[in-house]
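Please open the structure and follow the points below.

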Amino acid sequence: MRLSCAVAACGLTLGCTSGGGEPSGSTPATKAGATTAGPSPTEVVDIDPARLPGTRTQAAALIRAVLPDPSAFDPGAVRRTPYESDPRRWPVLGDDCVWHQQALPENVLATSTRSYEIPASGAKGPLRLSAVVTVHRTAEQADWENAEVLEEMLRCPSQQLRSDEVITSLNDVPASFGDSGNEYADDVLNELGTYTSAEVGGPHPYLWEQTRIGQFTLAVCAKGAKGWSRADLFDRLRDPHVGMRARLRAAIERDAPTTAAPSSSRPTGTKGSRR
């Protein structure tokens, strides 16, 4: 299973795509083309263990602090109904390539999705957006969530969200820390495709962006409509995604120590260090 554009995300009952973790109590299988070693330690954030959530309540509070408000996407963006997903459940892609809801697995402390919309205006149809934050118990489980996104795309290049909504032609572009300009997360994953529904027609561009920082995954999603290009979707998602990462860092990163002013007794060239 994996977290997707979830209940209420992108305005769906079943979800859009991306996210997740291995079934409760199970051990992740070896990823295709990968070794059995776990993910490398987080390199982009100096995490303070004392600031990590240890309970579901703490994880849920952190998620609320990280998720963006509608205005982060656009001054005219509004909340969709329901605005927040059921915290007790998350979507799972079945063998039939149709999304279904299941109980939240034990290896996830908390997850939440918020849904937004930029209403139709002029030559542009309604753009539906979402943001998702998931707190896994370990970084390895969060890493597995990213791996399942790739597996699901290969298994189901076309996925049914509900009876009148489908995403097709899915293509995932992953990048580990240090690859393809990724200097801000342990892993980054972009999923591109097309979206079609009875309401907005199609095919229109579809975009999912996800980052992993330690045991946390952060994602934003956009489902296109008339008048919205793929470049427009990237533009709408960029600032909210950056803001989510900044708020997460502020919540879990080790505070820089106060550095004393240099004195004549201090060796020349010695500097304070935050690590």
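Tyr83 and Tyr116 are both buried. Keep in mind that this model is predicted. Together with Phe73, these two tyrosines are linked by ring pairs into a cluster, and two aromatic pairs are found in the structure.

**The aromatic cluster**

- Phe73 and Tyr116 make a tilted pair, with 4.5 Å from centre to centre and 40° between the planes.
- This pair joins distant parts of the chain, 43 residues apart: Phe73 sits in the loop between helix H1 (56-66) and strand E1 (78-84), while Tyr116 belongs to strand E4 (residues 108-118).
- Phe73 has a relative accessibility of 2%, so it counts as buried, and Tyr116, at 0%, is buried as well.
- Tyr83 and Tyr116 form an edge-to-face pair because their planes meet at 85°, over the 60 degrees required; their ring centres are 5.9 Å apart.
- Here too distant parts of the chain are linked, with Tyr83 in strand E1 and Tyr116 in strand E4, 33 residues apart.

**A charge over a ring**

- Lys124 lies over the face of Trp228, 4.1 Å from the ring centre.

**The cavity**

- How many cavities of 30 Å³ or more are there? The count is one, and the largest cavity holds about 40 Å³ of space.
- Its lining is made up of Pro126, Arg128, Tyr195, Val200, Lys223, Gly224 and Ala225.
- By residue type, the lining of the largest cavity splits into four nonpolar, one polar and two charged residues.

Definitions and conventions:
Residues are numbered from 1 along each chain as its sequence is written. This is a predicted model: local features need pLDDT of at least 70, side-chain atom pairs count only at pLDDT 80 or more; totals for chains, interfaces and linings use all residues. Side-chain values use heavy atoms; hydrogens and water are left out. On a 1 Å grid over the protein atoms alone, a cavity is a set of points where a 1.4 Å probe fits but cannot get out, and a pocket is an open set with protein on both sides within 12 Å along at least five of seven lines; lining residues have an atom within 4 Å of a point. Grid points are joined across faces, edges and corners, and a volume is the space filled by probe spheres set on the points. Ala, Val, Leu, Ile, Met, Phe, Trp, Tyr, Cys and Pro count as nonpolar, Asp, Glu, Lys and Arg as charged, and the others, Gly among them, as polar. Rings of Phe, Tyr and Trp (its six-membered ring) pair if their centres lie within 6.5 Å; planes under 30 degrees apart count as stacked, over 60 as edge-to-face and the rest as tilted. Helices (H or I, at least four residues) and strands (E, at least two) are DSSP runs, numbered from the N terminus. Buried means under 20% relative accessible area, exposed over 50%, partly exposed in between (1.4 Å probe, protein chains only). A charge sits over a ring if NZ of Lys or CZ of Arg is within 6 Å of the ring centre and within 35 degrees of the ring normal.
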